[in-house]
Amino acid sequence: MAKIFVILTKGKDDLNMVNVAANFATSTVKNAGATVNFMFLGRGVENLLKDSNGIKPVADLVSQMKSAGIEVTYCKVSAKGIGLMESQLLEGVEPVMGGVQTAKEVDAGFSVVTF
């Protein structure tokens with residue numbers, strides 16, 4: 001069975017790509033039976049802001065991914081780098097160190113796909 005680690009680096013100004021990445025992840029689980037994990041990295045973390053425009057669609061996408069069994073994380077180093085605090089972000093998305101998480105996923109046999 002395929003193991004795919006999806007990394008989203010597109011910011012909140014590219015909500016279409018956020019949708020593409022999340023739908024790719026969910027569809028890969030549902031249609032291909034793959035194991036998928038997902039991480040918001042770099043400007044991708046902006047999409048998790050509680051008070052941003054379009055947050056409901058992103059919250060829905062995160063909920064759909066989690067319902068499909070996808071582990072959803074964000075890079076806390078990226079968040080700090082763009083001046084965001086955990087309290088500003090959607091709840092239920094696990095903070096990780098992006099580089100460390102990516103190394104762990106690769107060591108566990110995941111292929112990396114970026115959006």
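Is aspartate 13 buried or exposed? Aspartate 13 is exposed, with a relative accessible area of 61%; here buried means under 20%, exposed over 50%, and partly exposed in between (1.4 Å probe, protein chains only).

A word on the model before we go on. It is predicted: local features need pLDDT of at least 70, side-chain atom pairs count only at pLDDT 80 or more, and totals for chains, interfaces and linings use all residues. Residues are numbered from 1 along each chain as its sequence is written, and side-chain values use heavy atoms, with hydrogens and water left out.

## The sheet and a helix across it

Let us start with the strands. Five of them form an open sheet in the order β4-β3-β2-β1-β5, with parallel pairing. At the edges are β4 and β5 (111-114), each of which pairs on one side only. Direction ignored, neighbouring strands of this sheet are turned by 30° against each other on average. Helices (H or I, at least four residues) and strands (E, at least two) are DSSP runs, numbered from the N terminus, and two strands count as paired if DSSP finds at least two bridges between them.

Strand β1 (residues 3-8) pairs with β5 in the parallel sense over four bridges. In that region, isoleucine 4 stands opposite serine 111 in β5. Helix α1 (residues 15-32) lies across β1, β2 (35-40) and β5, and runs at about 170° to β1. For such angles, axes are lines fitted to C-alpha atoms, for helices over the stretch in contact, and the values run from 0 to 180 degrees between N-to-C directions.

## Salt bridges

The structure holds three salt bridges, each defined as a side-chain nitrogen of Lys or Arg within 4 Å of a carboxyl oxygen of Asp or Glu.

| Residue | Partner | Distance, N to O |
|---|---|---|
| Arginine 43 | Aspartate 13 | 3.1 Å |
| Glutamate 46 | Arginine 43 | 3.1 Å |
| Glutamate 91 | Lysine 50 | 3.7 Å |

Asp13, Arg43 and Glu46 are linked in a network. Arginine 43 lies in the loop between β2 and α2 (55-67) and aspartate 13 in the loop between β1 and α1, so this pair ties together parts that are 30 residues apart in sequence. Arginine 43 is partly exposed at 39% relative accessibility, whereas glutamate 46 counts as buried at 14%.

The bridge between glutamate 91 and lysine 50 also links distant parts of the chain: glutamate 91 sits in the loop between α3 and β4, lysine 50 in the loop between β2 and α2, 41 residues apart. Glutamate 91 is exposed at 70% relative accessibility, and lysine 50 is partly exposed at 37%.

Serine 78 belongs to helix α3 (residues 76-81). With 14% relative accessibility, serine 78 counts as buried. Leaving aside residues up to four places away in sequence, serine 78 touches Leu41, Gly42 and Val45, where contact means heavy atoms within 4.5 Å.

What makes the nonpolar surface patch of about 250 Å²? Val77, Met97 and Val100 make it. Patches are made of residues with over 30% relative accessible area and no salt bridge, like charges being joined within 9 Å and nonpolar side chains (Val, Leu, Ile, Met, Phe, Trp, Tyr) within 5 Å. Accessible areas come from the Shrake-Rupley method with a 1.4 Å probe; for residues, only the protein chains shown count as cover. Methionine 97 lies in the loop between β4 (94-96) and α4 (98-107), and is partly exposed at 44% relative accessible area.
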